[in-house]
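Me: I am new to this structure. Please pick one part, take a close look at it, and show me how it sits in the whole.

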Amino acid sequence: MSDDTTRLFLGLVGVLLTASLVAGVLSLRSPQPLPATLENLNARIKAWWIMVAGISIAFLFGTGGVILLFAFVSFAALREYVTLTSTRHADRWTLLGMFLIIVPTQYYLIWIDWYGLYSIFIPVYCFLAMPALTAIRGDTSRFLERVSEQQWGIMLSVYCISHVPALVTLPIPGNEGRGLLLIAFLIATVQGSDVLQYIFGKLFGRHKIAPNISPSKTWEGLIGGILSASALGAGLYWLTPFSPVEAGVLAGLACIMGFFGGLVASAIKRDRGVKDWGHLIEGHGGMLDRADSLVFAAPVFFHIVRYAWT
Amino acid sequence: MRNGASLLQTAAGAVLAGLSRAVTGVRPIWAGTGPNGRQRIYFANHASHGDFILVSTCLTPPERARTAAVAGADYWNAGTARRFIAHRLLRTVLVERNWVERTADPMQVMLSALDAGQSLIFFPEGTRNMTEEPLLRFRSGLYNLACARPDVELVPCWIENMSRVLPKGAVLPIPLLCRVVFGAPVALEEGEDRKVFLERARTALLMLAPNKDGTR
């Protein structure tokens, strides 16, 4: 563990302790039962504690630990996603293959650092193999719908999420042995932006961006969130190989992608008539409720860094 | 061996509960009742071999230890492996469904399990539901049990999604999120007609099923 890692985690624990303390005092003072906003805040703080604990443990085990952690995130996300899709009996082999073959293979390829294959394994080979397998089973009822749902699920929950641990493998000159910190930077800025957008939206939110999809997403929240998250990113530049300005710009980009991720996830949930993806943490929604912004941010962040810094 | 589960059964129950949580992330929804330590008959919709595992996963460990699933003897006594699973690994109360050839009265078998203090997981449709209907007509078994042992609580349990995880004929389960909704107990009323009671119990179970839009 480098000094920077220790510093980062002490900082995170400090932030969470402050947040828990503030939320605790607010909860004690407010009338019972707690208003929905406070209930929601408490739920989020609890989820962050679990998240920070999970990531810390994974970091202790190094690259392998982080790859395993995100393989589990993909598994849980895919399970939530497939539960909401309409599956037919003929899809069994495709679905089993998604869980038993695609998830382990994708993360194994990242483990052995075979960029040439893990970047196309899903969008080329799986996307061709999955409809072929479904077609062999002969059930053509709503074929296009089923195949599209499966492919989009694999894209979101496996391909995109797997680009978080893939950051470790980037050979950035001068950043040897500090790949895990780059992951910490991405997660901290994207999750931080979620929170900041939420806070700015609550304080100043007037103009809704997409009222049909999510009433809580406002222009004021988005702009305030991205600006403050960019500042947060710039302040965390010491985790990265970037200069403060570069770190701020990359954080801003990741946050814009994160916003779109949240918006798309809300649209899917609305289409399926559910409020949350699942019930991974009791009463706090599922894996995808916490990871939706990371899903969109990770591959874009990965490829920009790969293009410009390696 | 009648009152408590054997060590092997307790271990197998815990392992199965762990597995079913890993695959289905199952969570009990207590809507109208909670775990209260009373002797119960959990009656549930039935479409998959995994159904009783899902219900028992949702129970507290002491309740799981004394709860047995009522299953068809014709299926579970066919072959050494199945017999070993049904008799040694799991807590099952096997009843013979075939009228002509049966040697033991199913009612007697279930009543003696109840008298030994066990709770039961019971599928009142009598067989796995392979139709598009959400729930088949109930057989008389539930009514007969309610008449014979009126102080045992009858708890409806709606099992969601298990038939997608492990449909008939499948060996490997597909990981999907499942829920079990436990409703308020249904009691047989004084002098209630068999058909009226069975329909009331069936409605109570059906009411626990989520609507198309995900609400209940």
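Reply: Start with one term: a contact means heavy atoms within 4.5 Å. With that in hand, look at the chain. The model is predicted. Among the contacts of chain A with a separation of 6 or more, 71% join residues 24 or more positions apart.

Now the part to look at: helix α11 of chain A. Helix α11 covers residues 244-272. That makes 29 residues. From its first C-alpha to its last, helix α11 reaches 42 Å. The span expected at 1.5 Å a residue is 42 Å, and helix α11 comes close to it. An α-helix has 3.6 residues a turn, so residues three or four places apart point the same way.

What comes just after α11(A)? The residue there is A:G273, and A:G273 takes a positive phi of about 70 degrees.

Step back to the whole chain. Chain A has twelve helices and zero strands. Read from the N terminus, the elements run α-α-α-α-α-α-α-α-α-α-α-α. Along the principal axes, the C-alpha atoms of chain A fill a box of roughly 60 × 50 × 30 Å.

How does the radius of gyration fit? A compact globule of 310 residues would have a value near 19 Å, and chain A has 20 Å, so the two agree.

Of the 310 residues in chain A, 52% are buried. Chain A exposes about 14400 Å². Carbon and sulfur atoms supply 69% of that area.

Last, the charges. Chain A carries 21 positive and 18 negative charges. Their mean positions are 6 Å apart.

Conventions: Residues are numbered from 1 along each chain as its sequence is written. Chains are lettered from A and ligands numbered from 1 in the order in which they are written. This is a predicted model: local features need pLDDT of at least 70, side-chain atom pairs count only at pLDDT 80 or more; totals for chains, interfaces and linings use all residues. Side-chain values use heavy atoms; hydrogens and water are left out. Helices (H or I, at least four residues) and strands (E, at least two) are DSSP runs, numbered from the N terminus. The radius of gyration is taken over C-alpha atoms; the globule rule is 2.2 Å times the number of residues to the power 0.38. Buried means under 20% relative accessible area, exposed over 50%, partly exposed in between (1.4 Å probe, protein chains only). Accessible areas come from the Shrake-Rupley method with a 1.4 Å probe; for residues, only the protein chains shown count as cover. Lys and Arg count as positive and Asp and Glu as negative; His and the chain ends are not counted. The place of a charge is taken as NZ of Lys, CZ of Arg, CG of Asp or CD of Glu. The expected span of a helix is 1.5 Å times one less than its number of residues.
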